[in-house]
Amino acid sequence: MAGIRAFRKIQLGRESTSGTITTATTIWRGVGTIEDQREMTIVEEDTGFFSGGDRVYSAKLLGALSMEDTPATFEQLPYILEAGVKSVQTGANGGGSAKVYTYTLPTTTPNTLATYTIEGGDNQQAEVMEYSFVESFKLSGKPGEALMMSADWKGRQVANTTYTSALSIPSVEDILFSKGKLYIDAVGGTIGSTQKSNTFLGMDFSVKTGVTPVFAADGNLYFSFTKAVRPEVTMEITFEHDSNSVTEKGYWRTQTSRLIRVQFDGNSLTTAGTNYSNKALRIDLAGKWTKFDKIDEQDGNDIIKATFTAKYNSTAALFAELVVVNELTSLT
């Protein structure tokens, strides 16, 4: 039977040992297909033929998966964070039914990451990619829509496989952008103290994780291991052109460090906890505004976009941190 679009799927399995293929344990509720990025080189030769010869070699194996934009959920966003920011795996007890997953980006010591075996394809052929990690990810949204998530994965190599069978589609809750709140505070203050109301019109939060594959000559064509280089974290915020944006533009001009918190709340937890009564996604950043665009308009309303670049601030003892609250005891 020919491949059918409706039969595509992506399945993930957490590896006990990075690079050792494992069975999948969950289905990704999103869109994307695996790409075999092996490099093929045609050898140039002077052999008396216009066409040249068919001598070709492949000296490098690599796989990729772009998880395309899909509504972010409290239950599945942590898989991206596990493979790109920090391996947490088990949610901390938040009291009641709350399970708290905290992903702090590294400052002086690299984090340990989870790696995954990823299965993808359709009814015609499934492929597998091991030692998969997240190279970059993005969260974006605007009022009246879901918060969207996407991620670019890399893996060691791609080969044909058969799907792990009998997996159930997990239950998820979509994160809605209009349920979000924006807080901006001084670095000497308490983050999350000052909400900026009636001004938060959109955001694009982008992270280059700094996780990089290293190809060493050790008997294999795929990468030997991964290492951490400097991550890049930015948040572009669309403001109403009001006193809030004018104030922050002033801090941009004086190069003043600021603290930003964006929090999205979900449905009520089955049992309220000590600090959380709802599912939640929280993003905390320290840094500085690095760009303010010229005034623009949206449906005849004046708006302004600004870019915040996260950097470690010693006063706040903060670089960047994401917290996800759900009711999953662990990520299988």
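## Aromatic rings and a buried glutamate

Phe223 is buried, for its relative accessible area is 0%. This comes from a predicted model. Tyr131 also counts as buried, at 9% relative accessibility, because the cut-off is under 20%.

The model holds 12 aromatic pairs. Tyr131 and Phe223 make up one of them, in an edge-to-face arrangement with 75° between the planes. This pair links distant parts of the chain, 92 residues apart. Tyr131 sits in strand β10 (residues 126–141). Phe223 sits in the loop between β15 (211–214) and β16 (225–228).

Trp289 and Phe308 form another edge-to-face pair. Trp289 is in strand β19 (residues 278–292) and Phe308 in strand β21 (residues 301–310), so their pairing ties together parts 19 residues apart in sequence. Trp289 is buried at 4% relative accessibility. Phe308 is buried too, at 0%.

| Pair | Centre to centre | Angle between planes |
|---|---|---|
| Tyr131 and Phe223 | 5.0 Å | 75° |
| Trp289 and Phe308 | 5.2 Å | 80° |

Lys60 lies over the face of Phe215, 4.5 Å from the ring centre. Arg258 lies over the face of Tyr251, at 3.9 Å from the ring centre.

Now to the glutamate. Glu82 belongs to helix α1 (residues 77–84). Is Glu82 buried or exposed? Its relative accessibility is 0%, so Glu82 counts as buried. Beyond its neighbours within four places in sequence, Glu82 is in contact with several residues, including Arg14, Tyr101, Tyr103, Tyr116 and Leu331.

Conventions:
Residues numbered from 1 in each chain as written. Predicted model: local features only at pLDDT ≥ 70, side-chain atom pairs only at ≥ 80, totals over all residues. Heavy atoms only, no water. Helix = DSSP H or I, 4+ residues; strand = E, 2+ residues; numbered from the N terminus. Buried < 20%, exposed > 50% of the residue type's maximum accessible area, 1.4 Å probe, protein only. Contact = heavy atoms within 4.5 Å. Phe/Tyr/Trp six-rings, centres within 6.5 Å; stacked < 30°, edge-to-face > 60°. Lys NZ or Arg CZ within 6 Å of the ring centre and 35° of its normal.
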